[in-house]
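Here are a few exercises to work through with the model open. Try each task before you read its solution.

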Amino acid sequence: MVDDDNSELEARLPDQDYYRPPPEFVGQANVSDPAIYDRFEDFPEGFEEYAELLEWESRWDEVLDDSNPPFYEWFVDGELNASYNCIDRHLDERKNQTALLWEGEDGEQRNITYQDLYREVNKMAAALEDAGVEEDDVVTLHLPMLPALPITMLACARIGAPHSEVFAGFSAQALADRIDDAGSDVVVTADGYYRRGDLLNHKEKADEACELAEKDVDKVLVWERHEGELHPDAELEEGRDVLVSELLANNERTRVDPVTRDAEDPLFLMYTSGTTGKPKGCQHRTGGYLAYATGTSKYVLDIKPEDTYWCAADIGWITGHTYIVYGPLSLGTTSVMFEGAPDHPHKSRIWEIAEKYDVDIFHTSPTAVRQFMKWGEEYLEGYDFDFRHMTTVGEPIQPEAWNWYYEHIGDSDAVIVDTWWQTETGGHLITNLPALDDMKPGSAGKPAPGIQPAIYDDRGDEIEPASGRAGNLVIERPWPGMLQTVYGDDDRFIDEYWRDFSETDSDDPEDWVYKTGDGAVHAQDGYFRILGRLDDVMNVAGHRLGTMELESAVSEVEEVAEAAVVSRNDPEKGEVPDVYVTLREGVDPGGIEDKIVAAVERDIGKFARPNAIVIVDDLPKTRSGKIMRRLLENISNDDDLGDTTTLRDPSVPERIRDQLQD
Ligand code: WTA
């Protein structure tokens, strides 16, 4: 919940400057008429403007059915297919235009035209059907940044099988948990991919996941990084594992008609961390999601079909789903995909790609910007690229990093939009429209068209708009990109997102308010500044991690008695996890750190590795025995401890601090 520190933070921030979008940008922008905001204030009909960007098999009868909040229905009775909208409908006009421009870490390039994409997606759809996938079966994907990933997603969409992509960096255990929760019979993976020069054996994670999962997985479909050359260490289990290349080669069927999906039929699941140890499967609908992804890609990212657009995120997270695959392809543009690490084989790799493909629009995270800044301007020298539009997503961006991005990457003549949103929201909710609103470093900006955010205090009362006071960021009205529910768990959907600020026994939609979990400030100029998560979710280098998930991994180490995970501010990654543990009586502390790291890597993945592990005699606890994580967070961040009088043993925090200073 909000603490007073946030208001102090607001007071400490320096005055911010505004930057106007360059006139050349405004002249060519997809939206340059401020009337758009008024059009979308006609709620919910304003959102039809996004839906009109799609091709529907049958048009909706009603824009929004809000009779059973928070289970809203969008574009009721409309019918469409997402794969058709991202591929088939472009064939007449641009079948030879590149849809996906893929570059491997090893320098390999693949230009996949819309016609190629059509062919590949149809064949993969046939292969999925042959593997037994039927409409509405959830297919779990564990694919890295290979063309196989968008191809498989769109093949699933074509046959109406929701996909559930698990970021390739997740461990076998994390994959197994998600296979179980989604009840998938079929898993799609790859044999390997490159990371800093090594061809990783990725397939082994799916093998282990199948062992760990309670669910019996019938089929594992395996894409090869180098077609025809299976990774030397990858093993295929007879009867279960099938090479996609063989399935495609042996299949006579080269066309699979896109199935008609109801607007409310689910398109995909995306698991994300919440405040408990168990990740939530955010379920996204077909019509509302695709309309919102397409509309915001057009209006916020200013994508045009003739652009080369590069969102340097991983498709394994929501950003890649919405803003590498669904939004850009639905608009018929050229979307760049890069397999590797930004510093391999050298720290100019990103700029080399930007120059080679003449990228117009560039999308990245504040963590990446801070990294580029640390590496220094010299890595940009000699690279000739010219971005018209740049964005950031995932974390607050500090004015210093923003200014560096603007000046050195954008050459002081590109627009920058900071885009605030979440896995749950499907697309941007707070962000400027680039030709209409001035840029303000450090602020996410104004509400996107039709979105109604507000700031509430912890009691659930609205804080006066534009008052500059910190509070809970909430959204007061539904929008088409919002999640439908938590997969298989409507109660959890209500508990996590609605209960705190809604009257849950009311069926009046006005009484239902979506809780984002973020703190924010609404400034006098109408801009929102995001202050970060107020719940037990951390943001590590733009990756969302639940402290409870980390704690339960750490607690699995036999010697650990109790564990608390808190976030430490980090100049590069934003936040990093610090782990505090007490050990069981009489155990040898030698080697504990390694065991804890191994447990986190096993349960979640290497990207979640702790920053520091501190073994202490006692954790700060209230008299009722609750661990006070806030105090540990203060210790990690070298902040004042504040009030410690409610502790059972008020000397504990000081003792930990002394221990750290020794
Ligand atoms: C944070 C990523 C500040 C926020 C799309 C949110 C941001 C969480 C911004 C969602 C931003 C996202 N400024 N913070 N522009 N964008 N966040 O689900 O805390 O991976 O709740 O979605 O990231 O992370 P998620």
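**Exercise 1.** Work out whether Trp-351 is buried or exposed, and classify its ring pairing with Phe-385.

*Solution.* Start with accessibility: Trp-351 has a relative accessible area of 2%, so call it buried (under 20%; exposed is over 50%, partly exposed in between, with a 1.4 Å probe and protein chains only). Phe-385, at 14%, is buried too.

Before going on, note that this is a predicted model: local features need pLDDT of at least 70, side-chain atom pairs need 80 or more, and totals for chains, interfaces and linings use all residues. Numbering runs from 1 along each chain as its sequence is written, and side-chain values use heavy atoms, leaving out hydrogens and water.

Next, the rings. Phe, Tyr and Trp rings (for Trp, the six-membered one) pair if their centres lie within 6.5 Å; planes under 30 degrees apart are stacked, over 60 edge-to-face, the rest tilted. Here the centres are 5.4 Å apart with 15° between the planes, and the Trp-351/Phe-385 pair is stacked.

Last, location: Trp-351 is in helix α14 and Phe-385 in the loop between α15 and β19, so the pair ties together parts 34 residues apart in sequence. (Helices, H or I of at least four residues, and strands, E of at least two, are DSSP runs numbered from the N terminus.)

**Exercise 2.** Classify the pair formed by Phe-493 and Trp-498.

*Solution.* The ring centres are 5.9 Å apart and the planes sit at 70°, so this one is edge-to-face. Then check burial: Phe-493 is buried at 0%, and Trp-498 is buried at 2%.
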